[in-house]
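Hello,

Here is the structure I promised to pass on. My notes follow below it.

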Amino acid sequence: MHSRPRGTRRTPVSPEYATERRDPTLYAEAVPKIHEILARGRSISFEFFPPKTAEAQATLEQTLVELVPLNPSCVSVTYGAGGTTRELTHDTVVRITRETSLTTMAHLTCAAHTRAELTAIIERYRDSGIENILALGGDPPADLDLPPGELTHAIGLVRLVRSLGDFSIGVAAHPEPHPRSPSLESDRRHTAEKLAEADFAITQFFFDADHYFELVASLHRLGVDKPVIPGIMPVLSLAGIKRMAELQGSEFPEWFAAKLRAAGDDPAAVRRVGIEEATKLCRRLLDGGAPGLHFFTLNRSTATREIYANLGLEPVG
Ligand SMILES: Cc1cc2nc3c(=O)[nH]c(=O)nc-3n(C[C@H](O)[C@H](O)[C@H](O)COP(=O)(O)OP(=O)(O)OC[C@H]3O[C@@H](n4cnc5c(N)ncnc54)[C@H](O)[C@@H]3O)c2cc1C
């Protein structure tokens with residue numbers, strides 16, 4: 001796993017995260033690029049959403065304090081499609097970059113945006129020293145009735161980001177094909193085209209390692225061998241995960257649902273099953289050659305820390 005040389009940035013994030021300011025003399029080193037991290041070894045990343053309230057902000061700060069000792073390769077911050085978290089995402093990414101030792105990545109979606117809006121967002125990141133962007137299509141909330149956006153697919157955003165700076169660019173990949181795809185083949189083809197122009201992909205969550213290995217194999221057959229990092233969603237409740245899986249077109253396997261049901265009404269027992277299965281999935285993925293793991297943390301640290309410990313993943317000091 002990537003480790004930044006000691007002394008070049010402050011480590012780790014402290015509880016005073018909210019008030020500390022960056023000392024430019026300590027931060028001469030640029031934020032590392034994710035494709036360079038991947039070229040050296042595994043990338044283990046944690047995904048957060050931008051907090052909308054003071055309480056959510058405090059939760060994220062506490063989570064960061066708890067996760068920094070794991071020395072992740074990168075942390076990423078999601079973007080509300082259509083621009084619903086435009087400022088919040090920007091401010092959260094820039095703040096984590098300036099005030100902690102963590103390498104950051106900003107998510108950006110092209111749906112409902114004009115090219116000029118996207119250009120302004122990307123240039124602002126470039127000028128703030130942000131090096132990593134996850135370029136996505138996005139699904140704006142239907143009730144906002146937003147225009148379709150000038151770039152119709154994520155590949156257009158990859159090209160725009162590439163044209164505006166020396167970024168490391170990630171894209172989304174869908175082990176079970178994207179729900180809007182007419183066929184598996186068409187989704188694989190579009191993913192291959194997009195990944196060929198980007199630097200790496202991160203997948204949507206899934207529960208069967210074979211879905212991931214099949215995705216990687218089909219991209220290879222299409223001539224694309226860039227790193228594909230599996231996205232990991234620890235399951236902490238049956239109702240919650242069924243809802244999420246339905247929304248993004250993942251199959252929630254019956255064997256897994258049955259295991260969770262067998263744990264009954266005891267939330268701690270359900271959680272134990274979820275962590276155990278996530279650990280097994282991660283182990284299979286890493287043993288099978290996955291270039292890292294990307295954890296959807298939902299702004300909490302415990303599940304990620306437990307899986308990390310179960311896997312024996314040592315923070316690199
Ligand atoms: C790791 C990860 C992080 C994410 N973070 C966010 C986030 O922060 N905010 C957010 O709103 N959403 C996020 N998403 C969800 C993502 O925005 C949705 O899944 C979205 O519906 C598709 O995004 P995409 O980048 O795959 O889009 P695209 O690559 O544009 O693909 C969308 C659909 O269009 C098809 N397609 C692609 N290119 C073409 C083409 N040239 N011609 C015809 N069809 C084409 C694809 O096969 C697919 O069916 C994330 C997803 C992942 C996996």
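In which sense do strand E7 and E8 pair, and over how many bridges? E7 (residues 228-232) and E8 pair in the parallel sense over 2 bridges. Two strands count as paired if DSSP finds at least two bridges between them. Strands (E, at least two residues) and helices (H or I, at least four) are DSSP runs, numbered from the N terminus.

Some ground rules. This is a predicted model: local features need pLDDT of at least 70, side-chain atom pairs count only at pLDDT 80 or more, and totals for chains, interfaces and linings use all residues. Residues are numbered from 1 along each chain as its sequence is written, and side-chain values use heavy atoms, with hydrogens and water left out.

**The barrel.** Eight strands form a closed barrel, in the order E1-E2-E3-E4-E5-E6-E7-E8, with parallel pairing. E1 and E8 pair over 5 bridges. Phe 46 has Phe 295 of E8 as its bridge partner. Gly 231 stands opposite His 294 in E8. Strand E3 (residues 104-109) pairs with strand E4 (residues 132-136) over 4 bridges.

**Strand E8.** All of it is buried, 5 of 5 residues (292-296), so E8 is largely enclosed by the rest of the structure. Buried means under 20% relative accessible area, exposed over 50%, partly exposed in between (1.4 Å probe, protein chains only). Gly 292, His 294 and Phe 296 lie on one side, Leu 293 and Phe 295 on the other.

**The core.** The largest nonpolar core has 61 residues. Such a core is a set of buried Ala, Val, Leu, Ile, Met, Phe, Trp, Tyr and Cys residues joined through side-chain atoms within 4.5 Å. Phe 46, Ile 122, Leu 157, Leu 293 and Phe 295 touch the most other members. Helix H10 (residues 267-287) supplies the largest share, 6 residues. A second, separate core of 16 residues includes Leu 238 and Phe 252.

The largest pocket holds about 1800 Å³ of space. A pocket is an open set of points on a 1 Å grid over the protein atoms alone, where a 1.4 Å probe fits, with protein on both sides within 12 Å along at least five of seven lines; lining residues have an atom within 4 Å of a point. Points are joined across faces, edges and corners, and the volume is the space filled by probe spheres set on them. Of the 50 lining residues, the closest to the centre are Leu 136, Gly 138, Asp 139, His 174 and Gln 204. Helix H6 gives the most to the lining, with 6 residues.

Best wishes
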